[in-house]
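User: Hi! I'm new to this one and would like a quick tour. Could you show it to me first?

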Amino acid sequence: MKKIWKILSLIALFTICCILSVKIIPQEEYEKAKSGRTFDATEQVDLFFAEILPGMVENAAPVGEVLSALARDPRQAASEYGRTLGIGAPYSMAVKGEGTVKAADGETITLAEDGITLRTSMIFGNSVREASGFFGIDDYENTMDFNLISSDINSRLEESFAGHGFVPGQKVRYAGVMDVDPRKPLPSAFEVIPVKLETE
Amino acid sequence: MKTIKRILPLLLAVAALCACGGGKGRQEAVKDGPGKIAVVISTLNNPWFVVLGESARDRAEALGYQAVIFDSQNNPSKEAEHFDNIIASGFNAILFNPTDADGSVVNVKAAIEAGIPVFCMDREINARGLATCQILSDNFSGCVSMGREFVRTVGRTGKYAELLGLVGDNNTWNRSKGFHSVVDRYPGLEMVAQQSADFDRNKAMEVLESILQAHPDIVAVFCGNDSMAMGAWQAVLSAGKARQIKVFGFDGQDDVLKSIAEGNIIATGMQSPALMATTAAEYADRFLKGDGDFSRKIPIAVDLVTSSNVKDYLK
């Protein structure tokens, strides 16, 4: 009887050791990790256009002021007027201005003033997302989800400009975003992605 | 005496259990001496990852740690073994290049639960807020630039192929999606083949040779990394189509930079494995000294390198 008791207690302890040495992952957790998941940027981008964009337009710096600051001290100007993400990326700056259409080719509008080109189609990159300061990379499960935010913003902007004809001589008012990399020589002309574009 | 003999097995078992749970104690004991940092790399069979691993190790050692490189050989099971070993051996931090964005989550979780911070390099895991920090190239934006260069040099019409990297690596899809976000906007550009060559040079050569059998009239191939670009270039040369087919890569490897300067491969995206690795080591050092005030994810910009600026990048 004593021997049986000893054996049973040893078996019980051995079983406990085995259980403690094995990591059990809930099936739900495993399935979640393996399942294909899709991210929908719609809700957040809806919020951005409805509540953040108006403030971004309101607070955009006059483009002349920004260009002068860049000519004086690119690094200081980029830091003061722009936002950047991570290491090595350009600074995205919200600017506003007005000008006269010099040329329009369906993708871009070249203005006669300030060396500014407005891009209204084939809009790519993260400039508007970054300039807004609204979206944080740490809030997304992976960088692809974060990039989908940019893709959605860009396609909505393109849709808003589609069908608008711009002709030389036309006066326009705009607010938008331009990228500057102060580590490189400044370009002679700047491309602005407009987030608001009005004709007079 | 009989009582002692009766309870001795029980005492021995309890002692064994205590030993099983003693990892944390061993780790704290290590902290009294020079810290230990583990550098876990997906594969050392690729020169790019060798630079990543060695840069991380060298920077960790320069910061005063003992650093050991572990090669996962592109095998998630091997990676899991390394993590078990690292956790049991009392390392203070892990600089980690995952084999799989989903599959590696469980390993990171185990390390974090054991009190070991994990700093992902180059590749991310699909788990928000789990890794202590993730230092990654901005692959999507880099390949948006690549896509724009592709359209500029290839034109708005033509057939092309794409060679993908490892399908379990988020970088593969970030690059592909960045590229397609541009190129798919041009209906005249037709992708006739898209296949994985696992980021491997030899496999890329074989895959493109097969693609060329079926589609001899392609005018370009986009490769998700430079090793594959070099393999693709070999296939293009062997087929006598060097003037017909433009090859694009991604990484910024020395042999591709040289090829661009010679007018062969058209473009690559310049990543900096050394910068990622040293940044990871420095953040680990900061964290271990009590400073955790940094973003959980740090993207590093990728520069487009073409014949017009390759001289700025050649060593």
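User: Which side chain of chain B does Lys184(A) meet in a salt bridge?

Analyst: Lys184(A) pairs with Asp303(B), with 3.7 Å from N to O. Keep in mind that this is a predicted model.

User: Where do the two partners sit?

Analyst: Lys184(A) is in the loop between strands S6 (171–180) and S7 (190–199) of chain A, while Asp303(B) belongs to strand S12 (residues 303–305) of chain B, so the pair joins two chains.

User: Is Lys184(A) buried, exposed or partly exposed, and what about Asp303(B)?

Analyst: Lys184(A) is partly exposed, at 42% relative accessibility. Asp303(B) is partly exposed too, at 24%.

User: How many salt bridges cross between chain A and chain B?

Analyst: The rule finds three across that interface. Another salt bridge between side chains of the two chains is Arg185(B) with Glu158(A), at 2.5 Å from N to O.

User: Which elements of chain A give two or more residues to the side that touches chain B?

Analyst: Those are helices H1 (2–20), H2 (27–34) and H7 (143–161) of chain A. The largest share, six residues, comes from H1(A).

User: And what kinds of residues are on that side of chain A?

Analyst: There are 15 nonpolar, nine polar and twelve charged residues.

User: Changing topic: what about Lys78(B) and Glu81(B)?

Analyst: Their side chains form a salt bridge at 3.9 Å, N to O. Both residues lie in helix H4 (residues 76–89) of chain B, three residues apart, which is about one turn of the helix.

Terms used:
Residues are numbered from 1 along each chain as its sequence is written. Chains are lettered from A and ligands numbered from 1 in the order in which they are written. This is a predicted model: local features need pLDDT of at least 70, side-chain atom pairs count only at pLDDT 80 or more; totals for chains, interfaces and linings use all residues. Side-chain values use heavy atoms; hydrogens and water are left out. A salt bridge is a side-chain nitrogen of Lys or Arg within 4 Å of a carboxyl oxygen of Asp or Glu. Helices (H or I, at least four residues) and strands (E, at least two) are DSSP runs, numbered from the N terminus. Ala, Val, Leu, Ile, Met, Phe, Trp, Tyr, Cys and Pro count as nonpolar, Asp, Glu, Lys and Arg as charged, and the others, Gly among them, as polar. Buried means under 20% relative accessible area, exposed over 50%, partly exposed in between (1.4 Å probe, protein chains only).
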